[in-house]
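Let's take a friendly walk through this structure, beginning with the chain as a whole and then turning to some of its parts.

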Amino acid sequence: MFQRWLKFNLAGMLGVGVQLGTLHLLAHHLKLNYLVATAIAVEVALIHNFFWHERYTWKGRNLNPGFRSRVLRLVRFNLTNGLISLAGNLLLMTVLAGYLGWPYLLANGCSIIACSLANFYASERHVFVERARLP
């Protein structure tokens, strides 16, 4: 499981780049409110991370391969990792950037780290679960 956690974090680091890049584009260049930009950036990173986790982090796991099963996993991923990431990021961004005045990219980086362990647990136990083995 430790090796999978390392893979999860490697894929997640790529997602951090996607999230921070999206946040910067939306907040700095398009002048969206930093909380709206954060919510959009989290979802873009979630979709990115889902496909990496399917093909890399949980590659060897016996997952149902069909289109419907993959869509259901994406829904579970959004409902678990998405909820954890979105709620955690928006709450921490409000505190760190809004109340404490931290730069929004630094505040978002800290928010991502804080959510990562809960996201791994949710993915391991509720999203990328092996299909039932037939007797």
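## Surface and model

Accessible areas here come from the Shrake-Rupley method with a 1.4 Å probe, and for residues only the protein chains shown count as cover. On that basis, the protein chain has an accessible surface of about 7900 Å², and carbon and sulfur atoms hold 70% of that surface.

Please keep in mind that this is a predicted model, in which local features need pLDDT of at least 70, side-chain atom pairs count only at pLDDT 80 or more, and totals for chains, interfaces and linings use all residues. Residues are numbered from 1 along each chain as its sequence is written, and side-chain values use heavy atoms, leaving out hydrogens and water.

## Overall fold

Helices (H or I, at least four residues) and strands (E, at least two) are DSSP runs, numbered from the N terminus. The protein chain has four helices and zero strands, giving the pattern α-α-α-α along the sequence. Its radius of gyration (taken over C-alpha atoms) is 16 Å, close to the 14 Å that the globule rule gives for 135 residues, so the chain is as compact as a globular protein of that length. That rule is 2.2 Å times the number of residues to the power 0.38.

The C-alpha trace spans about 60 × 30 × 20 Å along its principal axes. Counting as contact any heavy atoms within 4.5 Å, 76% of the contacts with a separation of 6 or more join residues 24 or more positions apart. Buried residues (under 20% relative accessible area, with exposed over 50% and partly exposed in between; 1.4 Å probe, protein chains only) make up 35% of the 135 residues.

## Helix H1

Helix H1 covers residues 2-29, and its 28 residues should span 40 Å at 1.5 Å a residue; the expected span is 1.5 Å times one less than the number of residues. The end C-alpha atoms of H1 are 39 Å apart, which agrees.

Which elements do the buried residues of H1 pack against? They meet H2, helix H3 (67-99) and helix H4 (104-127). Among these buried residues of H1 are Phe8, Gly12, Gly15, Leu23 and Ala27. After H1 comes Lys31, with a positive phi near 60 degrees.

## Leu35 in H2

Leu35 belongs to helix H2 (residues 34-57). Leaving aside neighbours within four places in sequence, Leu35 is in contact with Leu90, Met93 and Thr94. Gly66 lies 31 residues from Leu35 along the chain, and their C-alpha atoms are separated by 36 Å.
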